[in-house]
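Thanks for asking me to look this over. Please have the sequence and the model open side by side while you read.

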Amino acid sequence: MLLDKLWQILVGINNKRIQTTSNEIHLFKEKKMSGKFSNKVVVITGGTSGIGLATAKHFAEEGAKVFITGRRQTELDQAVKTIAGDVVAVRGDMSKLDDID
């Protein structure tokens, strides 16, 4: 179920052109990001706190489209607010096969 959701989102991304505005480009220049993860997709399990959240922030700052997973919707919502960039939260418990499938 979770992988199907991620796959549908990824297919949707690949079928669309990535559009940026001059404001977004200006923001990237201000942060002096390398952009080495532009046009890349990163999936992080357990991205609502700790190392997972810090990793998600870093990849988003480097221009990646970031997908995070977590068990609780409230923590996922808070993580999305915390991460600056293009992030999608998917609720699921990685210890349950039904959530992964």
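The points below go from the overall fold to single residues.

1. A word on the basis. This is a predicted model, in which local features need pLDDT of at least 70 and side-chain atom pairs count only at pLDDT 80 or more, while totals for chains, interfaces and linings use all residues. Residues are numbered from 1 along each chain as its sequence is written, and side-chain values use heavy atoms, with hydrogens and water left out.

2. Overall layout. The protein chain has five helices and three strands, arranged along the sequence as α-α-β-α-β-α-β-α. Helices (H or I, at least four residues) and strands (E, at least two) are DSSP runs, numbered from the N terminus. Of the 101 residues, 28% count as buried; buried here means under 20% relative accessible area, exposed means over 50%, and partly exposed lies in between (1.4 Å probe, protein chains only).

3. The sheet. Strand E1 (residues 41–45) runs parallel to E2, and five bridges join them. E2 and E3 also pair in the parallel sense, over five bridges. Two strands pair if DSSP finds at least two bridges between them.

4. The crossovers. E1, helix H3 (residues 50–61) and E2 form a right-handed β-α-β unit. E2, H4 and E3 form a right-handed β-α-β unit as well. A crossover is called right-handed if, with the strands pointing away from the viewer, the path from the first strand over the helix to the second runs clockwise.

5. Strand E2. How many residues of E2 are buried? Six of its six residues are. The cover extends to both faces: Lys-65, Phe-67 and Thr-69 are buried on one side, and Val-66, Ile-68 and Gly-70 on the other.

6. Salt bridge between Asp-86 and Lys-65. The structure holds two salt bridges, a salt bridge being a side-chain nitrogen of Lys or Arg within 4 Å of a carboxyl oxygen of Asp or Glu. One joins the side chains of Asp-86 and Lys-65, at 3.0 Å from N to O. This pair links distant parts of the chain, 21 residues apart: Asp-86 sits in the loop between helix H4 (73–82) and strand E3 (87–91), and Lys-65 in strand E2 (residues 65–70). Lys-65 counts as buried, at 17% relative accessibility, whereas Asp-86 is partly exposed at 40%.

7. Salt bridge between Glu-75 and Arg-72. Here the closest N and O atoms are 3.3 Å apart. Glu-75 is partly exposed, with 30% relative accessibility, and Arg-72 is partly exposed too, with a relative accessible area of 44%.

8. The second largest pocket. About 160 Å³ of space lies in this pocket. On a 1 Å grid over the protein atoms alone, a pocket is an open set of points with protein on both sides within 12 Å along at least five of seven lines, whereas a cavity is a set where a 1.4 Å probe fits but cannot get out; lining residues have an atom within 4 Å of a point. Grid points are joined across faces, edges and corners, and the volume is the space filled by probe spheres set on the points. The lining includes Thr-45, Gly-46, Thr-69, Gly-70, Gly-92 and Met-94, along with Arg-72 and Glu-75, the two partners of the salt bridge in point 7.

9. Which classes of residue make it up? One nonpolar, seven polar and three charged residues do. In this scheme Ala, Val, Leu, Ile, Met, Phe, Trp, Tyr, Cys and Pro count as nonpolar, Asp, Glu, Lys and Arg as charged, and the others, Gly among them, as polar.

10. Met-94 lies in the loop between E3 and H5 and is partly exposed at 32%. Ser-95 belongs to the loop between E3 and helix H5 (97–100) and is exposed, with a relative accessible area of 64%. From Ser-95 to Arg-71 the C-alpha distance is 9.9 Å, at 24 residues apart in sequence.

11. A backbone angle to look at. Asn-39 has phi near 65°, a positive value in a residue other than glycine. Asn-39 is placed in the loop between helix H2 (22–31) and E1, and is exposed at 60% relative accessible area.
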